[in-house]
Amino acid sequence: MEPDSLQTEVILTHPRESLGRVQLDWTPQPGNYLDFEGKTYAVLERRHRYQLKAGRYRLHNIAIYVQSAKRPSEKSLVEGRWVIGDASCCYNAHSEIIRCAVNPDGPCESCRFYENLGVKSAEC
C-alpha cells in the first residue's frame, strides 16, 4: 500500500486534538503548509504507523502534527528547498518553519536588523 493511498490523520499540536482525516495526493513534509477545512496549518512532524500482518510490517496509518499558521509571503530557494524569508540575510534561519530569531514574524524587507551575507558585519 502506497503512503499517498492512505488517509492521513491531521493532529493539532496545541491543544492536542485530532482535526480529522484527509486523503492527500502528496506527501506532506515538515515545513509544508496544508489547507484543511478553511484554515491553514504548518506541518511540524509526520509519523508513519505500521502493523504486523502475515509476518510483514505494512504501513497502517499516517499522522501529521500541525499548528495554525499563515503562509509566508517571502520565500527563498536554498539548496533545492524553500525557506521562509530572505536567505541572503545573515540572521535567516534557513528553515521552512521559522524565519529568524530577531524578526520571526517578518517581513524581511523592512527589518532593521537585515544584514546581507555578502557584507558581513562583526555581529553575523
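## Salt bridges

The structure, a predicted model, holds three salt bridges. Side chains of opposite charge can pair when their charged atoms come close. One of the salt bridges is formed by the side chains of Glu9 and Arg21, with an N to O distance of 3.9 Å. This pair links distant parts of the chain, since Glu9 belongs to strand S1 (residues 7-12) and Arg21 to strand S2 (residues 17-23), 12 residues apart. Glu9 has a relative accessible area of 15% and is therefore buried, the limit being under 20%. Arg21, at a relative accessible area of 46%, is partly exposed.

Another salt bridge joins the side chains of Arg47 and Glu45, with 2.7 Å from N to O. Arg47 has 35% relative accessibility and counts as partly exposed. Glu45 also counts as partly exposed, at 33% relative accessibility.

## Glu74 and Arg99

Glu74 and Arg99 form a salt bridge through their side chains, at 2.6 Å from N to O. Glu74 lies in the loop between strand S5 (56-68) and strand S6 (75-78), while Arg99 lies in the segment after strand S7 (81-84), so the pair ties together parts that are 25 residues apart in sequence. Glu74 is buried, with a relative accessible area of 15%. Arg99 is buried too, and its relative accessible area is 7%. The two side chains are also listed as making a polar contact, at 2.6 Å.

What does Arg99 touch, not counting residues up to four places away in sequence? Glu74 is one of its contacts, and so are Ile84, Gly85, Tyr91, Asn92 and Ala93. Arg99 also touches Pro104, Asp105, Gly106, Pro107 and Cys108.

## Asn103 in the segment after S7

Asn103 is placed in the segment after S7, where Arg99 also lies. With a relative accessible area of 17%, Asn103 is buried. A polar atom of the Asn103 side chain lies 3.3 Å from the backbone oxygen of Pro107. Pro107 is also among the residues that Arg99 touches.

S3 and strand S4 (residues 39-53) run antiparallel and are joined by four bridges. The two strands form a hairpin with two residues between them. Glu37 is in the turn, and this residue has a positive phi of about 50° although it is not a glycine. Is Glu37 buried or exposed? Its relative accessible area of 65% makes Glu37 exposed, because the limit is over 50%.

Asp35 is part of strand S3 (residues 33-36) and stands opposite Thr40 in S4. The side chains of Asp35 and Thr40 make a polar contact at 2.7 Å. Leaving aside neighbours within four places in sequence, Asp35 is in contact with Thr40 and Arg71. Asp35 and Arg71 are 36 residues apart along the chain, and their C-alpha atoms are separated by 9.8 Å.

## Backbone geometry in the loops

Which residues does a cis peptide bond join? The bond lies between His14 and Pro15, and its omega is about -10°. Pro15 is in the loop between S1 and S2, the strands that hold Glu9 and Arg21 respectively.

Ala54 has a positive phi of about 55° although it is not a glycine. Ala54 sits in the loop between S4 and S5. With a relative accessible area of 80%, Ala54 is exposed.

## A nonpolar surface patch

Tyr50, Leu52 and Tyr57 form a nonpolar patch on the surface. Together these residues have about 400 Å² of accessible area. Tyr57 is placed in strand S5 and is exposed, with a relative accessible area of 61%.

Definitions and conventions. Residues numbered from 1 in each chain as written. Predicted model: local features only at pLDDT ≥ 70, side-chain atom pairs only at ≥ 80, totals over all residues. Heavy atoms only, no water. Contact = heavy atoms within 4.5 Å. Polar contact = N/O pair within 3.5 Å; in protein donor to acceptor, adjacent residues only side chain to side chain. Salt bridge = Lys/Arg side-chain N within 4 Å of Asp/Glu carboxyl O. Buried < 20%, exposed > 50% of the residue type's maximum accessible area, 1.4 Å probe, protein only. Patch = residues over 30% accessible without salt bridge, like charges linked within 9 Å, V, L, I, M, F, W, Y side chains within 5 Å. Areas by Shrake-Rupley, 256 points an atom, 1.4 Å probe, with all protein chains shown as cover. Pairing = 2+ DSSP bridges.
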